[in-house]
Amino acid sequence: MGKTASRGDAAARAERKFEKKLEFYAKVKQTVTSLAAQKSITKKKKVRSRQKKLKAYDLSELTEFLPELKASQQPKPAEFKLKSKNRKNLVLKEGNQFQAVINHPAFQADPLGAIHQHLQSTQPTLDDKPKKREKKNGNRKGKKKSKASAAPQSMEI
């Protein structure tokens with residue numbers, strides 16, 4: 001059936017297995033540390049290259065050569081605040097205008113049509129198709145005037 005192993009052989013074999021496991025774990029530990037070192041080196045290189053790129057785009061040194069801009073030169077948007085009296089007048093005026101529109105017979109007959117016509121008459125029209133550009137020679141495609149047709153012609157009767 002096979003050889004029977006003595007107790008001495010089994011202990012020696014177990015010892016060799018244990019030492020091989022220890023060697024394997026040592027190799028794994030060495031590999032992990034070397035990979036970690038390589039990773040940290042590449043990370044430092046990436047950081048350095050990124051910093052170099054940022055330095056290339058850093059234009060703060062050029063500000064001393066630019067003219068100074070004053071804040072007062074730039075126009076500030078006008079704030080439109082209504083006072084209480086003006087607001088009341090505006091509400092009354094708009095309310096009267098709204099009532100006049102609602103009571104208008106054209107609006108009562110066709111509200112959307114009346115709004116459409118109002119917008120057409122008050123808003124500027126937009127051309128859907130841009131105008132075609134004419135060629136310099138009067139929009140003729142490659143046709144040249146003959147010398148006979150270039151001179152003014154007179155008809156004698």
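The structure holds one aromatic pair, a pair being two rings of Phe, Tyr or Trp (its six-membered ring) with centres within 6.5 Å. The ring centres of phenylalanine 24 and tyrosine 25 lie 5.9 Å apart with planes at 55°, so the pair is tilted; planes under 30 degrees apart would count as stacked and over 60 as edge-to-face. The model is predicted: local features need pLDDT of at least 70 and side-chain atom pairs pLDDT 80 or more, while totals for chains, interfaces and linings use all residues. Residues are numbered from 1 along each chain as its sequence is written, and side-chain values use heavy atoms, with hydrogens and water left out.

**Fold and surface**

- The chain contains five helices and zero strands, in the order α-α-α-α-α from the N terminus on; helices (H or I, at least four residues) and strands (E, at least two) are DSSP runs.
- Of the 157 residues of the chain, 1% count as buried, where buried means under 20% relative accessible area, exposed over 50% and partly exposed in between (1.4 Å probe, protein chains only).
- Carbon and sulfur atoms account for 57% of the accessible surface of the chain, which comes to about 17,200 Å² by the Shrake-Rupley method with a 1.4 Å probe.

**Selected residues**

- Phenylalanine 24 counts as exposed at 53% relative accessibility, and tyrosine 25 counts as exposed at 52%.
- Leucine 82 lies in the loop between helix 1 (7–57) and helix 2 and is partly exposed, with a relative accessible area of 28%.
- Leucine 82 touches Arg87 and Leu90, not counting residues up to four places away in sequence; contact means heavy atoms within 4.5 Å.

**Largest pocket**

- About 310 Å³ of space lies in the largest pocket, a pocket being an open set of points on a 1 Å grid where a 1.4 Å probe fits, with protein on both sides within 12 Å along at least five of seven lines.
- Lining residues have an atom within 4 Å of a point; among them are Gln97, His104, Phe107 and His118.
- Helix 2 (84–103), helix 3 (105–109) and helix 4 (111–122) each supply at least two lining residues, and helix 4 gives the most, with four.
- The lining divides into six nonpolar, four polar and no charged residues.

Key: Points joined across faces, edges and corners; volume = space filled by probe spheres on them. Nonpolar A, V, L, I, M, F, W, Y, C, P; charged D, E, K, R; others polar.
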